[in-house]
Amino acid sequence: MDIRRELPEDAALPMAERSAAEANLPKSEQVCRRIKHLIMHHVLKPGQKIPEDELAGMLQTSRTPVREALRKLSGEGLVTIYPKRYAEVTYFTPEMVRSLGAVRMSQDVLSGRLAIYHGSDADFAGLRQLAEAGETAAAAGDLYGRITADRDFHLRITELGQNELLLRYQREVYLRIHLLQLQYVSLEDDVASRAACHSALVDALCRRDEAAYTRAICRRCQEMYGLDPQIVSLYTR
């Protein structure tokens, strides 16, 4: 495997050539950022073994920072480590997909309710621009841009809720969702369904309609993650 052939622009610069701000970070953190970049841009793909030696050589560092970075990424759910064997980019089984979907549904519902309490009409109007950015990226065939815009849309709703702890958890969940969408692109390949969901969410927020917001989130999560209807009904009944 030659990682360099598939690298996005600027991803393979040696550590010495990175930005001054990044150069001041611990070596393991610098390596962690580079590996995460490769995963998020689908260069290192779900289920793929991570070539420690090749990464160390490409980044002009030893294997120790690479291994430290992989341990951190394992804690974020992006890497699965098999002790004394190898590490691979996390591959989501159907059970893992449903578990992630249930957590996303729960946190998205809470995010929306807090946003309704704290947000303004101007805040909610700004969400439409984020939704449009995702559709623009999708139309241009920009998978990374589309997934990132979708994540920004949902995290912005959480930000409007003004709860830092929930925002931290949402960022962790949406990192995994980003990776999951790279594994199963068809999960959000339906442009019309995605656009309709975003529109319904913004409309519900503008009306301060918690029930409509919750129904839209639950319907979307049930479609995407194959959630048990009884679990979904915990939020919609």
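## Helix packing: H6 and H7

Axes are lines fitted to C-alpha atoms, for helices over the stretch in contact, and the angle between two of them is taken between N-to-C directions, from 0 to 180 degrees. In this predicted model, helix H6 spans residues 121-139 and helix H7 spans residues 143-160. Their axes come within 7 Å and cross at roughly 165 degrees. Since angles over 145 degrees count as roughly antiparallel, H6 is therefore roughly antiparallel to H7. The crossing of H6 past H7 is left-handed.

On the H6 side, the contact is formed by Asp123, Phe124, Leu127, Leu130, Ala131, Ala133, Gly134, Ala137 and Ala138. H7 contributes Gly145, Arg146, Ala149, Asp152, Phe153, Arg156, Ile157 and Leu160. By residue class, the contact of H6 with H7 comprises eleven nonpolar, two polar and four charged residues.

## Cysteines and disulfides

A disulfide is a covalent bond between the sulfur atoms of two cysteines. The count for this model is zero disulfides, with a pair of cysteine sulfur atoms required to lie within 2.5 Å.

For cysteine 218, the closest cysteine sulfur is that of cysteine 221, at 6.8 Å, which is too far for a bond. Seen from cysteine 221, the closest cysteine sulfur is in turn that of cysteine 218, at 6.8 Å and too far for a bond. Cysteine 218 has 1% relative accessibility and so counts as buried. Cysteine 221, at 0% relative accessibility, also counts as buried.

How values were computed
Residues numbered from 1 in each chain as written. Predicted model: local features only at pLDDT ≥ 70, side-chain atom pairs only at ≥ 80, totals over all residues. Heavy atoms only, no water. Helix = DSSP H or I, 4+ residues; strand = E, 2+ residues; numbered from the N terminus. Parallel < 35°, antiparallel > 145°, perpendicular 65-115°, else oblique. Left-handed = near helix turned anticlockwise from the far one by under 90°. Contact = heavy atoms within 4.5 Å. Nonpolar A, V, L, I, M, F, W, Y, C, P; charged D, E, K, R; others polar. Buried < 20%, exposed > 50% of the residue type's maximum accessible area, 1.4 Å probe, protein only.
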